[in-house]
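Opened a new page for this one. I want to go through the ring contacts, a sheet and a loop residue.

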Amino acid sequence: MQQIDTEDDGERQEQPTHDRPFNPFRSPRSEKVRTIVADVLKQVQSFERAKNLRQRKRRSDDQATFEQTVAAVVCDLAHRAITRPDGWVSVPLSNQFLGRASRYRAPAMSKALPDILARMSAPEMAFVEMQVGYQGFFGPSRRTVLHAGPRLLSRIAEHGIGLEDLGVSPDQEVIRLKRERADFWDEGGLVEYEDTDQTRQYRAEMTEINDWLVSADIQFDPDAAPKAKEVVDDTERRLCRYFTRGSFESGGRLFGGFWQSMPKWQRRKGLLISGEEV
């Protein structure tokens, strides 16, 4: 089995306050968001032509990746702006990280990502605000972080975008295998694996579970945490099954639901299933 590094080399220590990892699987759920994405795509491509940033037209596969990447950036930064307006999104941009093929990797995490972010964060575009990370040869390193730029924020407000307008692509790998941990502090990185009848069965079961969760009557009452600095997104229900120690005979727990990171008191007070408290 091939081990993959889930961290970005030299960009992973010190971060601005209130950042979270970029979710490259974020996608439009409503026509309102698709309209914004189409507008951003059109303007970024016009910017490329005006600045002579491309010598030739993208191939069809590259164009598809470009469009998926812009959509993921727009949707995830919109999500962050709604859930925590002062929050940032951290993203690995090293070629070593983006150049690896992996079953866990979203199309948006390609070598084209840095150039796309550069276009979207150019002063003429202002769809993204970006603070470029750096390697800390004589101190802490910092990963690149992103925030919705003023032109994206204005479109979010103009179209009245809410969390219900944003989704997550079903293409994300839901069966995840982690390697053996080297020591107590090692979280164990993900490793590649070959599909078998067993893994295909596990994936089919997770698809059934996630499809059910999408339509389940599960809500969170925001009045349960009136002083919380971050809005709870009760549409984040997609679960992944994690196996450990490099074996599908170890672990198998489910992670990913919005309720899992909440303290017990918050779940007890705010979580509603079919309108009833848990």
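This is a predicted model: local features need pLDDT of at least 70, side-chain atom pairs count only at pLDDT 80 or more; totals for chains, interfaces and linings use all residues.

**Charges over rings.** I looked up arginine 241 and found its charged end over the ring of tyrosine 202, 4.6 Å from the ring centre. I also have arginine 58, whose charged end sits over the ring of phenylalanine 66 at 3.9 Å from the centre.

**Ring pairs.** How many aromatic pairs does a search of the whole structure find? I get five. I took tyrosine 193 with phenylalanine 248: the ring centres are 5.1 Å apart and the planes stand at 80°, so I log the pair as edge-to-face. This pair links distant parts of the chain, 55 residues apart: tyrosine 193 is in the loop between strand 7 and helix 6, and phenylalanine 248 is in the loop between strand 9 and strand 10. Are these two buried or exposed? Both tyrosine 193 and phenylalanine 248 are buried.

Next I checked tyrosine 242 and phenylalanine 255, with centres 5.7 Å apart and planes at 80°, so this pair is edge-to-face. Tyrosine 242 belongs to strand 9 and phenylalanine 255 to strand 10, so the pair ties together parts 13 residues apart in sequence. I have tyrosine 242 as partly exposed at 21% relative accessible area, and phenylalanine 255 as partly exposed at 40%.

Tyrosine 202 turns up again here: ring pairs join Tyr193, Tyr202, Phe243 and Phe248 into a cluster.

I traced an open sheet of three strands in the order 7-9-10, with mixed pairing. Strand 7 and strand 10 (251–255) are the edges; each has a single partner strand, so one side of each has no neighbour in the sheet. I get an average twist of 25° from one strand to the next. Strand 7 pairs with strand 9 (residues 240–243) in the parallel sense, over three bridges. Which residue in strand 9 is the bridge partner of arginine 176? It is tyrosine 242. I then followed helix 6 (residues 197–215), which lies across strand 7, strand 9 and strand 10 and runs at about 145° to strand 9.

**A loop residue.** Last entry: glutamine 172, in the loop between strand 6 (166–168) and strand 7 (175–177). I put glutamine 172 down as buried because its relative accessibility is 17%, and buried means under 20%. Leaving aside neighbours within four places in sequence, I find glutamine 172 in contact with Phe25, Arg238 and Cys240.

Methods: Residues are numbered from 1 along each chain as its sequence is written. Side-chain values use heavy atoms; hydrogens and water are left out. Helices (H or I, at least four residues) and strands (E, at least two) are DSSP runs, numbered from the N terminus. Buried means under 20% relative accessible area, exposed over 50%, partly exposed in between (1.4 Å probe, protein chains only). Contact means heavy atoms within 4.5 Å. Two strands pair if DSSP finds at least two bridges between them. Axes are lines fitted to C-alpha atoms, for helices over the stretch in contact, and angles run from 0 to 180 degrees between N-to-C directions. Rings of Phe, Tyr and Trp (its six-membered ring) pair if their centres lie within 6.5 Å; planes under 30 degrees apart count as stacked, over 60 as edge-to-face and the rest as tilted. A charge sits over a ring if NZ of Lys or CZ of Arg is within 6 Å of the ring centre and within 35 degrees of the ring normal.
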